[in-house]
Amino acid sequence: MAANPHAATYALIGLNVLAFLGEVGSKVFVLNFEQVGKGIEVGNGPPHVVGIAHGEYYRLLTSMFLHEPPSSGGAFFLHILFNMWALFVVGPPLEALLGRVRFVAIYLLTGLAASAFAYVLTAPNVPELGASGAIFGLFGALLVVGRKLRLNIQPIALTIGLNLVLSFSLPNISWQAHIGGLIAGAGLGAAWAYAPRPNRTAIQIGSSVVLAAIIVIMVVLRTHNLNG
């Protein structure tokens, strides 16, 4: 039996759903894994310093799989519903174009880039979470790769435009993460799609390493700034 060609997309959706179930089952789950630059946590035991600048670098990754928890009130489920719908729509075609390994790599790298942008540009005590930074990365990559392959990119271009308008017009949305993910996705997608064939693999690996290095530098400089 042939392997599912969209297995990576469905696995990422599954990880997001599992994390959401963790949020439903525990009130402190989000507090432990959301992105915070540096702040005082008072809802999980005695008040204590938390955040990326406090050495909790894992929050850059774990926050990518969290969404608005039930404790936030209102239609909290719309956050994960919209993001998973977007991943379900844009993930399969991009996974088919890039292959499973490259697809997962671009999801994680652009998601981390989104987290890093938000870490640098957002007030340190403002919590952030959501898969939308990585999804914007997929948007940017699909736009560039689709253009290189001369596919119809008008739908994804319109989707990006609409979501950017919403990012800057609605409250409680991290436009910093969205812009960071979009830039990283478009840049990495361009490096991968336009790499000359004889050196394509080396350029794809090299560009991924460069993006990872940029993320590390951003995080290190911001951490140094927050810690004085």
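I started with α4, where Ile80, Asn83, Met84, Ala86, Leu87, Val90, Gly91, Pro92, Leu94, Glu95 and Leu98 are buried (under 20% relative accessible area with a 1.4 Å probe and protein chains only; exposed is over 50%, partly exposed in between). This is a predicted model, with local features needing pLDDT of at least 70 and side-chain atom pairs pLDDT 80 or more, while totals for chains, interfaces and linings use all residues. Residues are numbered from 1 along each chain as its sequence is written, and side-chain values use heavy atoms, with hydrogens and water left out.

**α4**

I took helices as DSSP runs (H or I, at least four residues), numbered from the N terminus. The buried residues of α4 pack against α1, α5, α6, α7 and α8 (contact means heavy atoms within 4.5 Å). I checked the length next: α4 has 22 residues and spans 30 Å from first C-alpha to last, close to the expected 32 Å (1.5 Å times one less than the number of residues). I found a bend of about 35° at Gly91 (the angle between axes fitted to the seven residues ending there and the seven starting there). Pro92 follows within four residues. Just after α4, I noted a positive phi of about 95° at Gly99.

**Largest pocket**

I then looked up the pockets (open sets of points on a 1 Å grid over the protein atoms alone, for a 1.4 Å probe, with protein on both sides within 12 Å along at least five of seven lines; lining residues have an atom within 4 Å of a point). The largest pocket has a volume of about 1100 Å³ (the space filled by probe spheres set on points joined across faces, edges and corners). I counted 50 lining residues, with Glu68, His79, Leu129, Asn172 and Ile173 nearest the centre. α6 gives the most to this lining, six residues. By class, I got 25 nonpolar, 20 polar and five charged (nonpolar: Ala, Val, Leu, Ile, Met, Phe, Trp, Tyr, Cys and Pro; charged: Asp, Glu, Lys and Arg; polar: the others, Gly among them).

**Second largest pocket**

This one holds about 380 Å³. I found 19 lining residues, and Val89, Val90, Pro155, Ile156 and Thr159 are closest to the centre. α4, α6 and α7 each supply at least two. The largest share, seven residues, comes from α4. The lining has 15 nonpolar, four polar and no charged residues.

**Ala123**

Ala123 is partly exposed because its relative accessible area is 38%. Ala123 and Gly37 are 86 residues apart in sequence, yet 7.5 Å apart in space, C-alpha to C-alpha.
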